[in-house]
Amino acid sequence: MKILLIGATGTIGSNVYDRLQQNHEIIRAGRNGADVQVDITDETSIRHMYEHTGNVDAVINASGSAGFAQLTEMTPDKNETAVNSKLKGQINLVLLGLPYVTDGGSFTLTSGVMMDDPIPQGASAAMANGGIRSFVTSAAIEMPRGIRINNVSPSLLEESSERIGHLFAGFQPVPGDRVAMAYQKSVEGSQTGQIYKVY
Ligand SMILES: NC(=O)c1ccc[n+]([C@@H]2O[C@H](COP(=O)([O-])OP(=O)(O)OC[C@H]3O[C@@H](n4cnc5c(N)ncnc54)[C@H](OP(=O)(O)O)[C@@H]3O)[C@@H](O)[C@H]2O)c1
């Protein structure tokens, strides 16, 4: 398959790349140093990415940012990061990408454990994650041409423990390759409308 992987250089994206590149052609996308440049917060940039790649069999998004702050310190402005990136950015990848995905192809989006298991400072990110979950469940029943859509919700990755583990006290980190397997299931399998929880 020809797979467009956004966020390919990241912690999750590089695990997904390592697993899927063995059997597929992967186009790596991101803001810097990838095969094709994209900023998912910018609609024009997403349009240019798809014009550049042409048709693909699968789109995987492993990117998306959110602001972390205590609720009393969260501002409308800080909340915009998650709205524009994790939420709208991912949804726009689907809305603008549909014409470029081949019949029976797939989209795989990324949410995260904190939508089910709250952590301090995580309300804005959780809001976006929950929005992605609901979008995927709902969009799946209307996808044209047999196109599938799923969502991977990882817990804290082992590889991210040093950087953000302090925010996830008492969480059992999961190996990146186990998370990558959920993306593989979404792309290579037949399911749609699923939330793959890797907790
Ligand atoms: N790591 C975890 O433990 C974990 C757990 C659950 C959920 N998640 C979620 O999974 C997603 C990826 O996490 P991660 O830890 O792998 O992140 P990461 O290591 O920071 O990597 C992010 C990747 O996305 C790209 N990127 C960032 N902003 C972008 C944008 N606006 N447009 C296009 N590409 C962009 C980055 O490359 P460039 O900088 O070159 O653009 C990079 O390749 C995030 O939404 C995160 O919340 C992560």
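**Helix packing and sheet order**

Biologist: At what angle do helix H2 (residues 43–53) and H3 pack?

Modeller: The model is predicted: local features need pLDDT of at least 70 and side-chain atom pairs pLDDT 80 or more, whereas totals for chains, interfaces and linings use all residues. Residues are numbered from 1 along each chain as its sequence is written, and side-chain values use heavy atoms, leaving out hydrogens and water. Helices (H or I, at least four residues) and strands (E, at least two) are DSSP runs numbered from the N terminus, and axes are lines fitted to C-alpha atoms, for helices over the stretch in contact, with angles from 0 to 180 degrees between N-to-C directions. The axes of H2 and H3 are 10 Å apart, and the packing angle is about 45°.

Biologist: How is the orientation of H2 and H3 to each other classed?

Modeller: Angles under 35 degrees count as roughly parallel, over 145 as roughly antiparallel, 65 to 115 as roughly perpendicular, and the rest as oblique. The angle of about 45° between H2 and H3 therefore makes the two helices oblique.

Biologist: Which residues of H3 does H2 meet?

Modeller: Contact means heavy atoms within 4.5 Å. From H2, the residues involved are Glu43, Ile46, Arg47, Met49 and Tyr50. Their partners in H3 are Gly89, Asn92, Leu93, Leu96 and Gly97.

Biologist: Are H3 and H4 roughly parallel or roughly antiparallel?

Modeller: The axes of helix H3 (residues 76–97) and helix H4 (residues 123–139) come within 8 Å and cross at roughly 20°. The orientation of H3 to H4 is therefore roughly parallel.

Biologist: How do the residues of the contact of H3 with H4 divide by class?

Modeller: H3 contributes residues including Ala82, Val83, Leu87 and Ile91, and H4 contributes residues including Met127, Ile132 and Phe135. Ala, Val, Leu, Ile, Met, Phe, Trp, Tyr, Cys and Pro count as nonpolar, Asp, Glu, Lys and Arg as charged, and the others, Gly among them, as polar. The division is eleven nonpolar, five polar and one charged.

Biologist: Is the crossing of H1 and H6 left-handed or right-handed?

Modeller: The axes of helix H1 (residues 11–20) and H6 come within 8 Å and cross at roughly 60°. H1 is therefore oblique to H6. A crossing is left-handed if the near helix is turned anticlockwise from the far one by less than a right angle, and right-handed if clockwise. The crossing of H1 and H6 is right-handed.

Biologist: What is the bridge partner of isoleucine 60 in E5?

Modeller: Strand E4 (residues 56–61) and strand E5 (residues 101–110) run parallel and are joined by four bridges. In E5, isoleucine 60 is partnered by threonine 108.

How values were computed:
Two strands pair if DSSP finds at least two bridges between them.
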